Every structure is written in C-alpha cells, then in structure tokens.
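Thanks for sending this one over. Here are my notes, point by point, to read alongside the structure.

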Amino acid sequence: MKGHELREAFLRYFERNGHARVRSSPLVPGEDPTLLFTSAGMVQFKALFLGEERRDYARATTCQKCVRAGGKHNDLENVGRTARHHTFFEMLGNFSFGDYFKPEAIAFCWEFLTRDLGLDRRRLCATVYRDDDDAFGLWQKVAGLGEDRVLRLGEEDNFWAMGDTGPCGPCSEVHFHQGDHLPCAEAAAGRTCLGPACECDRWLEIWNLVFMQWNRDGTGALTPLPRPSIDTGMGLERVTAVMQGRTSTFETDLLGPLIGRISDLARKRYHALPDDDVSMRVIADHARATTFLLADGVTPSNEWRGYVLRRIMRRAMRHGRRLGLRDPFLWTTVGWVVELMRDAYPEIAAAQARIEEAVRGEEERFAETLDSGMRRIDEYAEAEGPGGGRPIDGRFLFTLYDTYGFPRDLAEEVLRDRGWQPASETDAAWEQEMEAQRERARAGAAFGGDEGAEAVAIYRQLSAEIPPIEFVGYTTLASPARVVALVDVAGGGARRRREAAAGDEVEVILDRTPAYAESGGQMGDTGTVVGRSGRGDIVDTYYRGSKLIVHRVRVAQGGFHEGEDVAVTIASPRRQGLRQHHTGTHLLHAALRKVLGTHVLQAGSLVAPDHLRFDFSHPAQVKDGEIERIEELVNEQVQANVAVTPVEMDLDAALRLGALALFGEKYGQRVRVVRIGDFSTELCGGTHLDQTGQLGLLKVATEGAVASGVRRIEAVAGSAALETVARRDAALREAAELLKIAPLEVPRRLQKLLDEQRALERGLRELEARLARSRADDLVAAARQVNGVAVVAARVDGLDADGLRAVVDRLRDRLGSGVVCVGSVADGKVSLVAAVTKDLTRRFHAGTLVQEVARAVGGGGGGRPDLAQAGGKDPAKLDAALELVYDLVARAGT
C-alpha cells in the first residue's frame with residue numbers, strides 16, 4: 001500500500017464511522033502564541049477539549065502536518081541518525097469531544113489495523129498506564145490480546161497532560177514487532193530485550209490513544225472530566241514503513257524518492273558509507289520541513305520560529321557540503337517535495353516559486369556566512385599559532401555561532417584538521433555562553449496573558465457556560481443586549497462581579513453585540529454601553545479564548561449588573577475608518593500580487609482607523625515605479641466603485657473559488673469570503689465597506705524590510721489619505737518657496753544641488769588624500785628604530801577612520817617593514833589605526849597593539865594581526881597614548 005493510499009484509507013475509515021474529515025491546520029498555531037509549531041493533531045482542537053469552543057461535530061479525523069524541531073518536542077538532532085525520527089511528519093488522528101471513549105477508541109484502532117490494513121495480530125501488542133484497569137481489560141476483550149501482550153508502564157510512558165494543569169489522562173500505545181534480527185543493546189549485554197519498553201527498534205510504536213478523563217488542578221489533584229474525550233495519533237511515515245515491510249521510514253515511498261534524487265545529485269550511492277547515509281537522510285527530511293514551513297508563512301530569521309527554520313535549512317546545507325555539493329542545491333529539493341506531496345497539500349504547489357526563491361537566497365547568504373566564518377577561523381589560528389592538540393576556545397566557537405551563524409561542529413571540524421582538539425573546557429565555555437544567552441532571552445521574552453491563572457479559570461468556565469455570542473456588527477452599529485457576566489481583572493488578579501459602579505473598569509460579556517473583537521489584524525471596536533441606571537465607555541473589544549467576545553468597559557455613570565438589559569452603540573467614525581482600511585488592505589494585497597507576483601502572501605497586518613500596515617513575503621525592495629503601479633491599481637478599483645460582497649460558504653468551496661487564506665489563521669468548516677469584483681477574493685471575518693468608492697483614496701506612506709524575505713507597507717485611506725496628500729503638497733510648496741522656483745521644478749533643482757555637492761565632496765577627498773600622502777612621506781622620514789624595527793606613531797588630526805587607513809596604507813607601503821600606529825581627533829572623538837607589515841606579524845599583533853593604545857584614551861578596539869582599528873573618548877591623552885607604541889614594540893620584540 002502506497003503512503004498516499006494509506007492516508008486516504010485512514011480518513012475514509014473514520015468518515016464511515018461518523019467522523020467529520022477536518023483539514024490540516026497550518027504549522028504555525030493560529031491561536032496559541034506560546035506554541036512553536038503544530039506538533040500534534042490535537043493542537044487545532046485545543047479549545048474544543050477545554051470546552052472553550054463548540055462545533056457542529058463531536059467526532060473528527062485529520063491528517064495533520066507537524067513539525068518537531070524545538071521547544072518541548074525537538075527531534076532535530078536525532079534526524080538522520082535513526083531510522084524513524086523526523087522534523088516534519090504527518091500525523092493521522094481520530095478525535096472524540098465528549099462522544100465516545102475507551103471501548104470505541106480501542107475497537108476502531110484494532111479494526112483498522114487488523115482488518116483494513118491486514119496487519120498480523122501476532123506482531124501487535126499494547127501498553128497501558130499502570131493503573132488503567134479499564135484499558136487493560138478492553139485490549140483483552142476487544143482485541144483478544146493475552147495478559148502477556150498488554151504491558152503496564154508508568155507515567156513517563158503512558159500518561160498525557162495538556163500542561164501542568166487542565167485536561168489529562170492515561171494513554172495506550174500500539175506497538176508492532178519488526179523482528180528480533182534488529183540490534184538491541186540489552187540483548188547485546190546478555191540481558192532480555194524489554195519489548196515495547198526497550199529503546200531498540202525491534203518494537204515500533206505506531207499508534208497512541210489518549211484517554212482524556214481527568215482535570216488536574218494547581219495542587220496536582222485529579223477530578224473526573226464531565227465529558228471524557230479521545231485524542232489519538234499515528235505517524236503516517238511509521239505505519240507506511242510497516243505496510244511496506246521497511247524498518248526505516250526513509251526507505252518508504254514517502255521519503256525514498258527524495259533519497260534517490262539526493263543520491264543522484266551528489267553522485268554517491270545510498271548505503272555505501274554510513275556518514276553519507278546520515279547526510280542524505282538529513283537533507284531529505286529537512287527539505288520537507290523547509291518547504292512546508294515556508295509555505296505556511298515562516299521565514300528564516302534570528303528569532304523564534306524563523307530561527308528554527310534557518311537552523312533546519314543550514315543543517316541541510318552543511319550536510320550538502322559533506323556530500324560535496326558546493327553550489328546551492330537545497331532550493332532544487334523544493335520541487336521534488338512538491339511533486340511528491342502536492343495532491344495532499346496543494347498549498348505547497350501554489351507557493352513553490354516563492355519557496356524556491358527564499359531557499360536559494362538563504363543558501364547564497366549562508367555561503368557568505370561560511371566564507372566569513374572561515375576568515376575568522378584563519379585569524380584565530382594565525383593569532384594563536386599551531387594547535388598542537390590544544391583545546392579550542394569555546395567562547396570563540398560561540399562567537400562564530402552567535403554572531404556569524406557558523407555551525408559549531410563545522411568550526412570544530414576545520415580546526416581539528418589544523419591540530420586543535422575539542423575538549424571538556426570547550427564544552428564548559430560554550431555552555432556558559434549559551435546559558436548567558438538563554439538568560440538574556442528569558443529576560444526579554446514576553447508572552448501575553450498577564451492576568452494570571454484566576455482569569456484563565458474564570459473564562460474557561462464562562463466559555464463552557466455561555467451560549468455562542470451573537471455578533472450583529474456586520475449590519476448594524478447599535479443593538480440591545482443583556483449583560484451575561486462582569487469580570488474584574490485589575491491588579492493582575494481576576495474575579496467575577498455581580499455589579500460594577502462608576503469609576504470601575506471591568507470586562508463585560510454580552511449575549512449579543514455589534515462590537516467587533518480584535519482579530520485578523522483589525523483593531524477592536526470602541527463605543528458606549530447604556531443601561532437603565534448607568535453608562536460606560538467601551539475602550540476595547542477582544543477575544544478571551546477562541547470565541548468569547550469581551551468588552552473592556554470604563555463605567556462613567558451609575559453602574560451595571562449581571563442580567564441587565566443594555567443598549568450598545570459603536571463609535572461610527574472610528575468603525576468607518578476601520579472599514580476603509582480593511583477593504584484597502586484587501587485591495588493592496590491583490591495589487592501587490594498582480595505587480596510583484598503570486599509569491600506575495602500576507603505575513604502580518606494591522607488595520608487601524610487611521611492607517612494600515614501590511615507585511616508580505618517578497619525578497620527585494622519594492623521599486624518606486626512598482627509602488628506607483630500598485631497605488632494606481634487600487635485607486636482604479638476605488639474609482640470603479642466595485643461592490644464588496646461578503647458570503648458564507650464551506651471552506652473547501654472557498655478554496656476552490658481561489659480565496660486567499662491567511663497563514664496562521666484557524667478556519668472552521670464554514671467561512672466568510674469577501675469578494676471585491678474579480679479583483680480580490682479572501683477569507684475574512686473583518687468589517688468592510690459596501691462599495692470600493694467609499695474608500696475615497698489610498699496612498700502608500702512607507703515601504704521597507706522587517707525581516708529576511710519580508711517587506712512592510714504602511715498606507716492610509718479615506719480622509720487620512722487626503723490629509724497625507726495635503727501635507728505632502730504643503731511640504732513641496734515650502735521647498736519651492738525656499739528655492740525660489742515653481743513646485744514642479746523642485747526635483748530637478750535638488751538633483752542639480754546634489755550633483756554640485758558631490759563634486760565638492762569628491763574634490764575635498766582628493767585634497768585630503770594628497771595631504772595625507774604628503775604627511776605620510778614626512779612621517780616615514782621621522783620613523784624611529786626600536787630593536788631594529790622601524791616604528792611610526794603619529795597624530796594626524798581632522799581625519800576619520802577611512803582617512804587614517806589611507807595614511808596607514810601609505811606608511812606601510814613606504815616603510816616596507818615596520819609597525820605603524822596613527823591617531824586622529826575629529827568631532828571630539830579619537831580614532832586609531834595600527835598596522836604591522838606581513839614579515840613582522842609573528843612578532844607583533846596590530847590588534848593587541850591598538851587595544852593597549854586605545855585603553856589609554858578611554859576606549860577599545862581590535863582586529864587582525866596585520867591591521868586593526870580602535871576608538872577613544874579622551875582626546876587630551878592621545879599624544880601620551882601614541883608614545884606608548886614605542887614601549888609596546890620594545891617589550892614585544894624582546
């Protein structure tokens with residue numbers, strides 16, 4: 001059975017058994033900012049398990065794309081070295097949200113494995129939690145397993161928890177016997193293999209059934225859940241290996257074709273050399289992770305998700321080097337992955353060109369990293385002398401890694417070839433630096449949700465109690481409503497309140513509301529709440545959990561109480577600004593894709609009443625002409641006064657229609673599609689104009705980079721755009737008045753003035769260079785001999801660092817052999833440049849020399865053995881500091 005056939009067989013089996021087939025969610029968890037990546041099938045159902053959300057099904061089945069390469073779930077270092085670990089994998093799963101429980105879950109599992117897949121019952125066994133007598137008995141009753149084939153294991157192996165508190169429960173794993181011919185450390189030591197509890201590959205875990213039946217509180221006490229649920233997961237790669245008679249997932253039809261392509265590219269045979277095999281497996285796995293992460297909107301960077309992606313990509317590139325692949329190659333693997341997986345995941349085919357471009361750019365930049373890292377290694381080796389078996393400085397390795405992105409193991413490999421050895425001191429120094437970095441990261445990290453556990457508990461309970469809140473804000477800005485709950489979250493704590501009085505600021509939950517809660521980049525609404533005896537200002541509207549709309553209300557007069565009928569009114573001018581800028585965002589997105597290409601995808605946005613901010617994937621700066629064309633396309637749609645049409649439909653139908661879905665957003669089976677004629681179609685729950693003509697005008701304010709491969713445009717619409725145009729026009733008129741010319745002549749006149757200034761600056765630089773050369777000739781004549789070495793230490797004021805380097809280069813060339821250190825004072829700051837001719841670098845180090853001199857003027861610096869520069873803060877001490885040069889040369893030369 002092929003991998004794609006197995007994927008479909010699983011989903012169809014559970015559909016036949018009353019489960020709704022649910023699409024895989026993105027690898028970036030849309031509603032859990034604390035999660036690095038989606039690492040299991042249950043992630044998209046977390047709110048359902050917690051009772052915070054309701055859907056129109058109680059059973060679901062998915063094939064979820066997952067990544068485990070950081071945080072709690074991190075398989076990165078094992079990938080390539082084992083037969084079964086992956087960063088990217090697909091998890092088959094079936095879920096019950098308070099519907100069925102252990103008997104049905106075990107029955108479904110056993111029937112699918114033994115009847116639909118036809119696995120040999122004699123090669124299957126189960127593990128259960130040590131105290132789970134129910135599961136122990138069910139495996140015997142349902143599957144007919146003897147007691148010797150149902151193992152009881154401890155909490156580490158067979159108990160699952162969503163976190164330190166919350167839903168949890170025992171789990172049961174199904175293992176497949178791959179054969180006693182596989183190596184086992186226990187058997188090799190003369191002991192008996194531990195079976196499913198062993199670390200060897202003789203028994204392979206293929207399916208994990210989690211029975212969520214308890215709630216754990218802050219004290220660790222367990223109480224039964226009112227609606228026990230089921231969460232199961234089976235790795236597609238593992239079960240495919242079993243079905244295809246392979247002991248390695250890399251030899252299945254899911255990954256084997258990638259291994260074959262890599263083998264052909266490197267001209268190396270798989271299974272010829274163990275080290276080459278590891279590299280081929282790493283590249284095959286990382287090619288899939290790279291393709292899917294980039295497709296889901298992650299971009300390589302030095303922070304969080306982007307950092308993990310960059311690490312995955314660079315690990316693959318380094319293993320390519322080990323296989324002899326010197327030119328960029330990883331980008332070509334994207335097409336191979338798309339070819340294999342486009343039917344199951346069409347989003348990677350749609351994004352192929354963008355992904356290839358991003359990967360190739362990262363490869364080219366990493367080649368530069370390798371080159372700069374090698375230069376640093378050369379400097380280190382030259383400064384420190386022959387290795388002679390000495391340990392490598394761990395701090396140097398960390399600097400290479402942290403500053404230049406140079407992989408530690410590659411640096412160690414290069415230095416090992418030069419006689420250096422990694423040692424325990426290296427590891428200790430590395431860990432010390434790494435821990436310091438972690439402390440800095442922990443100090444700077446700030447996730448939302450400072451309200452504490454009390455608020456979380458309160459809102460979790462309210463989510464379970466309160467029926468879905470009716471949002472009426474698409475059609476009206478005013479509505480009657482009833483106060484369902486009042487919550488005070490002042491001071492970091494949280495408590496339910498029956499009433500609120502003037503001066504209080506509370507979170508108010510209503511049974512219906514016209515107020516839009518912040519989501520999808522659009523800011524929340526403001527407005528007023530008026531009751532029989534009170535009035536309050538809505539200062540913000542947002543979600544608690546996934547569906548609970550909360551109004552932050554500052555009570556201005558009287559008060560409110562639970563159960564009270566109130567009137568809610570939304571600030572109309574502010575809402576109109578939000579509508580203009582949200583519709584403007586859709587038009588801008590569509591125009592960007594038409595002008596720059598379909599690789600452009602939204603990477604983030606902000607819709608405010610007076611401006612919009614739009615982040616998008618694009619590898620280069622957007623040219624002025626392109627921005628003009630983008631504005632032109634948007635304003636053509638505005639002038640055409642096209643109808644903006646929202647409509648609800650099934651998600652699959654919307655995607656077939658060509659609607660753009662935002663990466664990181666979680667969508668239900670029913671979605672809202674906003675169409676603007678034939679120009680734009682997007683999934684969106686935000687508030688929009690009725691006609692594009694209501695937007696008035698859109699003007700781009702700024703464009704720039706925010707991360708590697710991600711650009712940002714800020715724009716304004718409506719009255720804000722008119723104000724921007726008026727300010728620009730006023731500035732142009734003011735410039736024209738200053739220059740005594742007509743406004744339209746300003747650009748030509750400015751260009752003429754700039755050309756004249758550049759000519760003057762060029763002449764000045766040439767004059768300074770002639771003076772510097774003349775001064776250098778005088779200084780050579782005055783060179784002192786110190787222990788047979790010509791030394792020049794002089795002050796040449798008025799020059800910046802570039803000017804000083806020109807003087808030093810001239811001095812070094814004229815001396816032929818010697819030591820030079822020149823200082824200058826400009827704008828109250830000291831600049832220093834030191835140089836040592838090549839024949840003397842084994843005796844004198846320019847970096848060490850300039851550091852000592854800089855210290856004397858209250859500064860610091862450093863550099864290579866032959867050239868270094870520094871700065872200082874105390875010009876009054878420069879002359880005395882330069883005199884030190886002669887003493888330093890005298891001491892170093894003895």
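1. A term to settle before anything else: buried here means under 20% relative accessible area, exposed means over 50%, and partly exposed is in between, with a 1.4 Å probe and protein chains only. Helices (H or I, at least four residues) and strands (E, at least two) are DSSP runs, numbered from the N terminus. This is a predicted model, where local features need pLDDT of at least 70, side-chain atom pairs count only at pLDDT 80 or more, and totals for chains, interfaces and linings use all residues. Residues are numbered from 1 along each chain as its sequence is written, and side-chain values use heavy atoms, with hydrogens and water left out.

2. Have a look at helix 7 (residues 236–243). Six of its eight residues are buried, so helix 7 is largely enclosed by the rest of the structure. The buried ones are Leu-236, Glu-237, Val-239, Thr-240, Ala-241 and Val-242. Their cover includes helix 1 (3–16), helix 9 and several strands, among them strand 5 (88–96) and strand 10 (203–216). Just past the end of helix 7, Gly-245 has a positive phi of about 70°.

3. How do helix 3 and helix 4 pack? Helix 3 (residues 102–116) meets helix 4 (residues 133–143) at an angle of about 45°, and their axes are 10 Å apart. (Axes are lines fitted to C-alpha atoms, for helices over the stretch in contact, and angles run from 0 to 180 degrees between N-to-C directions.) Helix 3 and helix 4 are therefore oblique to each other; angles under 35 degrees count as roughly parallel, over 145 as roughly antiparallel, 65 to 115 as roughly perpendicular and the rest as oblique. The crossing of helix 3 with helix 4 is right-handed, and the handedness is left if the near helix is turned anticlockwise from the far one by less than a right angle, right if clockwise.

4. On the side chains at that crossing: helix 3 contributes residues including Ile-106 and Trp-110, and helix 4 contributes residues including Leu-138 and Trp-139. Contact means heavy atoms within 4.5 Å. The contact of helix 3 with helix 4 divides into 10 nonpolar residues, no polar and two charged.

5. Now helix 9 (residues 274–295) and helix 10 (residues 304–322). Their axes come within 9 Å and cross at roughly 150°, in a left-handed crossing. Among the contact residues are His-286 of helix 9 and His-319 of helix 10. The contact of helix 9 with helix 10 has 10 nonpolar residues, five polar and two charged.

6. Strand 30 (residues 789–795) also deserves a look. Six of its seven residues are buried, so strand 30 is largely enclosed by the rest of the structure. Strand 30 pairs with strand 29 (residues 784–786) in the antiparallel sense over three bridges, and two strands pair if DSSP finds at least two bridges between them. Strands 29 and 30 form a hairpin with two residues between them, and Asn-787 in the turn has a positive phi of about 50°. Strand 30 also pairs with strand 31 (residues 819–826), in the parallel sense over five bridges.

7. Last, the open sheet of four strands, in the order 22-23-28-27 with antiparallel pairing. Strand 22 (602–607) and strand 27 (698–707) are at the edges, each with a single partner strand, so one side of each has no neighbour in the sheet.

Notes: Nonpolar A, V, L, I, M, F, W, Y, C, P; charged D, E, K, R; others polar.
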